[in-house]
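Reader: Hi! Could you take a close look at one part of this model for me, the charged side chains that pair up, and then show me what surrounds them?

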Amino acid sequence: MRKSGVAEKYVRVVQDMYERSRTVVRCAVGQTEEFKVEVGLHQGSALSPFLFAVVMDQLSEEVRRESPYTMMFADDTVICSESREQMEENLERWRFALERRGMKVSRSKRLSTCV
């Protein structure tokens, strides 16, 4: 958040929100015991999409290109290229950039080139 220029007071507010976070899982038969949340964003929080976008912006800075070659929608990223070979190369660059920072990359069900 700091690298993205978010004011320090907001960084601290978010840190406070996530410090010592606990939750339960509810389902039709009841709910679990409360447990500590150690990774991820708060489900259902209006702030989570913003935080995810800030993180993805920083993690993909070295590989991201201008639209229409790179487009992000919620937690999906569209990577367009002019050839299949270029697409494979770009996908591999993205995978390396994200995985070396601890993220897991799920490859698309469909790989096609933009016209």
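Author: Happy to: what follows starts with the salt bridges and then moves on to the core, a pocket and a hairpin.

Please keep in mind that this is a predicted model. A search of the whole structure turns up nine salt bridges. As background, side chains of opposite charge can pair when their charged atoms come close.

Let's begin with Glu34 and Arg22, whose side chains meet in a salt bridge at 2.9 Å, N to O. This pair ties together distant parts of the chain, 12 residues apart: Glu34 belongs to the loop between strand S3 (30-31) and strand S4 (35-36), while Arg22 sits in strand S1 (residues 22-23). How exposed are the two partners? Glu34 has 49% relative accessibility, so it counts as partly exposed. Arg22 is partly exposed as well, with 48%. The limit that matters here is that exposed means over 50%.

A second pair is Asp57 with Arg64, where the closest N and O atoms of the salt bridge are 3.4 Å apart. Asp57 counts as partly exposed because its relative accessibility is 35%, and Arg64, at 31%, also counts as partly exposed.

Arg95 is partly exposed at 23% relative accessibility, and Glu99 is partly exposed at 33%. Elsewhere, salt bridges with shared partners join Arg2, Glu8 and Arg12 into one network.

The largest nonpolar core has eight residues in all: Met56, Leu59, Val63, Ile79, Leu91, Trp94, Ala97 and Leu98. H2 and H3 each supply at least two residues of this core, and H3 gives the most, with four residues. In general terms, nonpolar side chains tend to be buried together in soluble globular proteins. For a local view, take Ala97: leaving aside neighbours within four places in sequence, Ala97 is in contact with Leu59, Glu62 and Val63.

Now to helix H2 (residues 48-59), which includes Ser48. Is Ser48 buried or exposed? Its relative accessibility is 8%, so Ser48 counts as buried. Not counting residues up to four places away in sequence, Ser48 touches Tyr18, Leu41 and His42.

Of the 17 residues that line the pocket, the closest to its centre are Gly40, Leu41, Leu51, Phe52 and Val55. Helix H1 (8-18) and H2 each supply at least two residues of the lining.

Strand S5 (residues 70-73) and strand S6 (residues 76-79) pair in the antiparallel sense over four bridges. Met71 stands opposite Val78 in S6. Two residues lie between the strands of this hairpin, and Ala74 in the turn has a positive phi of about 55°.

Technical notes
Residues are numbered from 1 along each chain as its sequence is written. This is a predicted model: local features need pLDDT of at least 70, side-chain atom pairs count only at pLDDT 80 or more; totals for chains, interfaces and linings use all residues. Side-chain values use heavy atoms; hydrogens and water are left out. Two strands pair if DSSP finds at least two bridges between them. A salt bridge is a side-chain nitrogen of Lys or Arg within 4 Å of a carboxyl oxygen of Asp or Glu. Buried means under 20% relative accessible area, exposed over 50%, partly exposed in between (1.4 Å probe, protein chains only). Contact means heavy atoms within 4.5 Å. A nonpolar core is a set of buried Ala, Val, Leu, Ile, Met, Phe, Trp, Tyr and Cys residues joined through side-chain atoms within 4.5 Å. On a 1 Å grid over the protein atoms alone, a cavity is a set of points where a 1.4 Å probe fits but cannot get out, and a pocket is an open set with protein on both sides within 12 Å along at least five of seven lines; lining residues have an atom within 4 Å of a point.
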